[in-house]
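Let's take a walk through this protein together, one neighbourhood at a time. Keep the sequence and the 3D view open while you read.

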Amino acid sequence: DLMREALGLKELEAALQEQLGIPRVIVVAGDSDRSPWVKKEMGRACVACMKELLEPGDIVAVAGGTTMAAVAEMMTPDSKLRDVLFVPARGGLGEDVENQANTICAKMAEKAMGRYRLLHVPDQLSDEAYASLVEEPAVKEVLELIQSCRMVVHGIGEAVTMAKRRKTPPVEMENIIARHAVAEAFGYYFNEYGDVVHKVKTVGIQLEHLPHVEHVIAVAGGASKAKAIRAYMKRAPHSLLVTDEGAAKAFVGE
Ligand code: BG6
């Protein structure tokens with residue numbers, strides 16, 4: 001803690017909490033845009049936070065992305081994680097397998113020596129297929145577990161970067177650009193005011209559920225994500241943020 005004080009991380013945390021109007025911010029040293037190991041440090045900080053807040057028997061919904069993959073990688077077993085159930089936050093969002101919530105959820109549960117359930121739903125569904133799939137008992141059961149989660153852990157992305165990574169069809173891409181999306185989180189795209197301007201249709205946690213979830217942890221860093229983090233936090237004021245010095249200094253410098 002003395003080290004963190006000397007580095008000025010505590011001050012950055014206080015400044016960000018105030019600027020973003022959120023209850024808790026954790027800042028790790030470095031900039032994940034430049035040094036890949038910083039993502040793992042965010043992962044470590046996020047794991048500590050999860051262990052602090054979780055109770056045996058809780059359900060945790062986890063989103064996808066490379067930052068969440070780092071959280072999974074840094075996960076370790078703990079008595080607090082006994083009987084914790086890990087589930088993916090939402091169904092397919094067009095990500096490659098290593099970035100999918102299912103993959104990350106399974107890995108995190110294995111590292112925690114906890115349990116997991118997965119959602120097996122394809123990415124692009126017609127309205128009819130979607131309606132009948134959510135009525136399938138196996139899917140329905142997992143969806144109910146997701147909806148009763150006590151914690152959601154997710155990344156935040158820069159909108160156009162995410163849309164490209166997901167190979168978003170041209171029509172949707174045009175919409176994302178025309179409506180000035182700057183942020184993305186679990187398949188929702190937001191403009192700088194925090195309004196939803198586009199959404200990937202899938203099952204699982206919807207934005208409206210978040211205010212009812214006891215603990216929501218967002219993990220995102222790198223100076224390139226500062227704008228995205230600011231925009232998203234307008235929409236999610238009870239979140240806890242784990243970020244890095246790169247993003248934090250970009251805010252303060254603005
Ligand atoms: C996606 C998540 O898989 O990854 C989003 O659904 C998140 O919530 C995005 O914004 C971030 O990815 P990364 O690789 O920048 O951590």
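## A histidine and its partners

What is the length of the polar contact that joins the side chains of H198 and E172? That polar contact is 3.3 Å, where the term stands for a pair of N or O atoms within 3.5 Å; within protein, one must be able to donate a hydrogen and the other to accept it, and residues adjacent in sequence count only if both atoms are side-chain atoms. The side chain of H198 is also joined to that of N175, by a polar contact of 3.4 Å.

You can find H198 in strand β9, which covers residues 196–199. Strands (E, at least two residues) and helices (H or I, at least four) are DSSP runs, numbered from the N terminus. H198 counts as buried because its relative accessibility is 11%; buried means under 20% relative accessible area, exposed over 50%, and partly exposed in between, with a 1.4 Å probe and protein chains only. Leaving aside neighbours within four places in sequence, the residues in contact with H198 (heavy atoms within 4.5 Å) are E172, N175, I176, G187, Y188 and Y189.

## How to read the numbers

This is a predicted model, in which local features need pLDDT of at least 70 and side-chain atom pairs count only at pLDDT 80 or more, while totals for chains, interfaces and linings use all residues. Residues are numbered from 1 along each chain as its sequence is written, and side-chain values use heavy atoms, with hydrogens and water left out.

## Around the ligand

Now turn to the ligand. It is surrounded by 17 residues, and the closest are T66, T67, E95, E184 and K225; a residue counts as near if one of its heavy atoms lies within 4 Å. A polar side-chain atom of E95 is 2.6 Å from an oxygen atom of the ligand. Backbone atoms take part too: a polar one of G65 is 3.1 Å from a ligand oxygen, and a polar one of G155 is 3.0 Å from a ligand oxygen.

On its own, the ligand has 390 Å² of accessible area, and the protein covers 96% of that (areas come from the Shrake-Rupley method with a 1.4 Å probe).

## Two residues with positive phi

Which residue other than glycine has a phi near 55°? This is M113, placed in the loop between α5 (101–112) and β4 (115–116). With 66% relative accessibility, M113 counts as exposed.

F186 has a positive phi as well, of about 30°, although it is not a glycine. Its place is the loop between β7 and β8 (188–190). Is F186 buried or exposed? F186 counts as buried, because its relative accessibility is 5%.

R90 is in the loop between β3 (85–88) and α5. Its relative accessibility is 4%, so R90 counts as buried. Beyond its neighbours within four places in sequence, R90 is in contact with a list of residues including A101, L119, F186, G187 and Y188.

The side chain of R90 reaches the backbone oxygen of I205 at 3.0 Å. A polar contact of 3.3 Å links the side chain of R90 to the side chain of Q206. Lastly, look for G64: from C-alpha to C-alpha, R90 and G64 are 8.9 Å apart in space, while 26 residues apart in sequence.
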